[in-house]
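This report goes through a protein model from its overall dimensions down to single side chains. Please have the sequence and the model open while reading.

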Amino acid sequence: MSLDLATLRRFTLARSLFAPTTLPQAIDRLGFVQADPLRAPARAQDLTLRHRVDGYIAGDLERRYAELGIEEDFFVNYGFLGARHHALMHPRKARLRWGKARQAKADAVLAFVRERGTVHPREVDAHFDHGKIVNWFGGSSNATTELLDSMHYRGLLRVARRDAGTRVYAAREPWPLLADKAEVRARMDTLVDVIVAKYAPLPATTLGQLVHRLRLAAPQWAADRPRALAHAKQRLAHARVDGIDWYWPVGDDVGAAPALADDRAWLLAPFDPVVWDRLRFERFWGWPYRFEAYTPAPKRKLGHYALPLLWREQIVGWANVSVEGGAMRVGVGFVGPRLSDPQFVRAVDDELHRLHGFLGLS
């Protein structure tokens with residue numbers, strides 16, 4: 001197949017920015033929605049879904065979580081998956097084993113959760129008073145919260161819902177054990193397919209990085225990652241373009257991807273599937289996008305939470321958007337000279353109007 005970067009770029013945009021659909025269908029099509037707690041001006045999961053769900057309002061995912069048949073958990077990052085994809089990762093065995101004292105605490109908390117049905121972390125903390133611990137960056141954390149997080153990761157608990165952003169937990173029934181190695185390999189291959197379906201087309205380097213990150217999803221099967229990667233490269237559609245091997249699902253017609261509408265501008269989340277792969281981003285658009293929310297302010301080049309600005313298949317700049325006193329504040333930056341094309345100005349105004357409605361501002 002003879003391809004160029006422009007064709008791959010168009011293919012990327014067409015398959016990821018699909019026509020808006022229902023929330024369940026969008027989650028199923030994406031396979032995985034990465035989450036982030038920052039609101040700038042909304043959480044990353046909401047900013048991702050607003051382009052892909054008809055009539056989406058910030059917070060809809062959290063409000064409708066219990067009815068959607070989805071799960072919060074670690075995949076290649078933390079986020080939301082459909083129940084059928086989530087089940088592929090369990091029974092999960094964490095890399096660090098618990099000692100007897102830690103296991104005893106977990107058993108007591110699990111019994112408490114089973115008795116209550118669902119629990120807020122403050123209920124557990126009030127009952128057990130586990131105290132404080134030193135967290136990974138040297139600060140102090142609530143020991144109960146850390147234990148609940150660990151039990152959730154191990155598949156003992158699930159997130160039943162959130163109350164004002166805080167996870168409320170319920171107990172899980174024990175996961176069935178897998179029958180044999182063939183089932184493990186089949187599951188790992190399917191997990192790779194979830195990755196590829198969301199982020200394709202993928203440069204070989206990024207595909208390798210994402211398969212490596214399955215150590216978060218299924219640490220118990222980490223030894224199978226080299227085989228899963230090699231098998232993926234054998235079975236996926238691929239081509240060498242601009243000195244890089246690219247991979248995507250078999251059956252996708254790269255050359256048939258339609259162009260984006262000329263009159264539409266898009267403000268994308270920092271973790272949007274179009275933006276997530278920084279290597280691909282720089283190859284496609286010729287400049288390095290950086291997420292700088294955790295960069296000291298004097299060192300930022302784009303801003304606290306820069307949203308890449310897409311127009312006519314080019315990411316021409318970025319915007320930082322905040323809400324102050326119920327009003328939206330917007331600052332726009334450009335990679336090159338500031339664009340003043342009237343069609344571009346109208347397109348950005350329309351996108352900001354959509355963002356305004358998404359945020360529920362009056």
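## Basis

This is a predicted model, in which local features need pLDDT of at least 70 and side-chain atom pairs count only at pLDDT 80 or more, while totals for chains, interfaces and linings use all residues. Residues are numbered from 1 along each chain as its sequence is written, and side-chain values use heavy atoms, with hydrogens and water left out.

## Overall fold

The protein has 14 helices and 15 strands; these are DSSP runs numbered from the N terminus, with helices being H or I of at least four residues and strands being E of at least two. The C-alpha trace spans about 65 × 55 × 40 Å along its principal axes.

Of the 362 residues, 50% count as buried (under 20% relative accessible area; exposed is over 50% and partly exposed lies in between, with a 1.4 Å probe and protein chains only). Contacts are heavy atoms within 4.5 Å. Among contacts between residues at least 6 apart in sequence, 63% join residues at least 24 apart.

## Aromatic rings

The structure holds 20 aromatic pairs. Rings of Phe, Tyr and Trp (its six-membered ring) pair if their centres lie within 6.5 Å; planes under 30 degrees apart count as stacked, over 60 as edge-to-face and the rest as tilted. F281 is buried at 0% relative accessible area, and Y289 is buried at 1%. Both residues belong to a cluster linked by ring pairs, together with W246, F284, W285, W287 and W318.

Charged side chains also sit over rings (NZ of Lys or CZ of Arg within 6 Å of the ring centre and within 35 degrees of the ring normal). The charged end of R92 is 4.3 Å from the ring centre of Y153, and R50 lies over the face of F358 at 5.7 Å.

## Surroundings of Q34

Q34 is in strand β1, residues 32-34, and is buried, with a relative accessible area of 9%. Its side chain makes polar contacts with the side chains of W276, at 3.2 Å, and N77, at 3.5 Å. A polar contact is a pair of N or O atoms within 3.5 Å; within protein, one must be able to donate a hydrogen and the other to accept it, and residues adjacent in sequence count only if both atoms are side-chain atoms.

Leaving aside residues up to four places away in sequence, Q34 touches several others, including A44, Y78, K198 and F271.
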